[in-house]
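Here is a walk through one protein model, taken strand by strand and contact by contact. Keep the structure open beside the text and find each residue as it comes up.

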Amino acid sequence: MGEFEMTFKQKIITLVAAFVCFTSPAMAANFSYTTFDIKLGVLTLDDEFVFFGEAYDDFGVFGIGGSYQFAENIAARLSIVGIGSEGPYTSLSQSSTLLALEFPFPVGAGLDIVPRIGLLSLDYEACIYNICATEDDSGIEYGAYVRAWAVPDRFELTAGYSDTNIDDVDLSLIHISEPT
């Protein structure tokens, strides 16, 4: 028996069909999707990455973003994230910009599913002795995430998966937050 693999077009059609089938104007999302967020942290690799003799295993992360919910089940999101690290003679960095539409719909008390589709732009830079090479790529990002109250009205959990039509780019997300 062969493996079933969906094409990019089939994935988009499935995502839109799921949105149309399960979303109704009478259904109200369990969360507000008008947000502002800041990301600050460290990305630690499972295996170190060696670039011209310098080992990298940690990267600093900074991001800023937000979304605006302009209809019951539609929100627009803008997110900008950068990661980078420097060694004595080399440096590596990547930045991404995402402009997306999100379609939140409730599936139970305190549980929303949020399909998302958007435009993703990636920029990479690698430097050796202050001589830098850059690369950029862009494409469509699509996926969904689940947003749920871990402790009602106190802590929420967000987990999801998305993919792109850009080769070798997969994105996953797990996030715990406290509402303000």
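A residue counts as buried when its relative accessible area is under 20%, as exposed when that area is over 50%, and as partly exposed in between. Keep those cut-offs at hand. The model is predicted.

Start with the strands. Strand β1 covers residues 35–51. Strand β2 covers residues 54–71. The two pair in the antiparallel sense, over 13 bridges. β1 and β2 make a hairpin with two residues between the strands. In that hairpin, F52 takes a positive phi near 50 degrees.

Now follow the chain onward. Strand β3 spans residues 74–86. β3 pairs with β2, again in the antiparallel sense, over eleven bridges. Here too the strands form a hairpin, with two residues between them. A71 has I74 as its bridge partner in β3.

Next, turn to the charged side chains. The whole structure holds six salt bridges. Begin at D37. The side chain of D37 meets that of K39 in a salt bridge, 3.2 Å from N to O. How do the two partners compare with the cut-offs? D37 has a relative accessible area of 18%, so D37 is buried, because the limit is under 20%. K39, at 34%, is partly exposed.

D37 has another partner. R77 forms a salt bridge with D37, and the closest N and O atoms are 3.4 Å apart. R77 lies in strand β3 and D37 in strand β1, so this pair ties together parts that are 40 residues apart in sequence. Is R77 buried or exposed? R77 has 13% relative accessibility, so R77 counts as buried.

R77 also reaches E102. That salt bridge has its closest N and O atoms 3.3 Å apart. E102 sits in strand β4, residues 90–102, while R77 is in β3, so the pair ties together parts 25 residues apart in sequence. E102 is buried, with a relative accessible area of 0%. Step back and the links join up. Salt bridges with shared partners connect D37, K39, R77, E102, R116 and E141 into one network.

In a regular strand, side chains alternate between the two faces of the sheet. With that in mind, move on to the nonpolar residues. F36, I38, L40, F62, I64, L78, I80, L99 and L119 make a nonpolar surface patch of about 960 Å². Which strands supply the patch? β1, β2 and β3 each give at least two residues. The largest share, three residues, comes from β1.

I38 is found in β1. I38 has a relative accessible area of 54%, so I38 is exposed. F62 is in β2. F62, with a relative accessible area of 48%, is partly exposed.

What does F62 touch, leaving aside residues up to four places away in sequence? The contacts are I38, K39, L40, I80, V81 and G82. I38, L40 and I80 from that list also belong to the nonpolar patch.

Last comes the cysteine pair. A disulfide is a covalent bond between the sulfur atoms of two cysteines. The count for this model comes to one disulfide. C127 and C132 form the bond, with their sulfur atoms 2.0 Å apart. Why is the disulfide of C127 and C132 called right-handed? The torsion about the S-S bond is about 105 degrees, so the disulfide is right-handed. The accessibility of each cysteine can be read against the cut-offs. C127 is at 7% relative accessibility and so counts as buried. C132 is at 43% and counts as partly exposed.

Notes. Residues are numbered from 1 along each chain as its sequence is written. This is a predicted model: local features need pLDDT of at least 70, side-chain atom pairs count only at pLDDT 80 or more; totals for chains, interfaces and linings use all residues. Side-chain values use heavy atoms; hydrogens and water are left out. A disulfide is a pair of cysteine sulfur atoms within 2.5 Å. Buried means under 20% relative accessible area, exposed over 50%, partly exposed in between (1.4 Å probe, protein chains only). Two strands pair if DSSP finds at least two bridges between them. Helices (H or I, at least four residues) and strands (E, at least two) are DSSP runs, numbered from the N terminus. Patches are made of residues with over 30% relative accessible area and no salt bridge: like charges are joined within 9 Å, nonpolar side chains (Val, Leu, Ile, Met, Phe, Trp, Tyr) within 5 Å. Accessible areas come from the Shrake-Rupley method with a 1.4 Å probe; for residues, only the protein chains shown count as cover. A salt bridge is a side-chain nitrogen of Lys or Arg within 4 Å of a carboxyl oxygen of Asp or Glu. Contact means heavy atoms within 4.5 Å.
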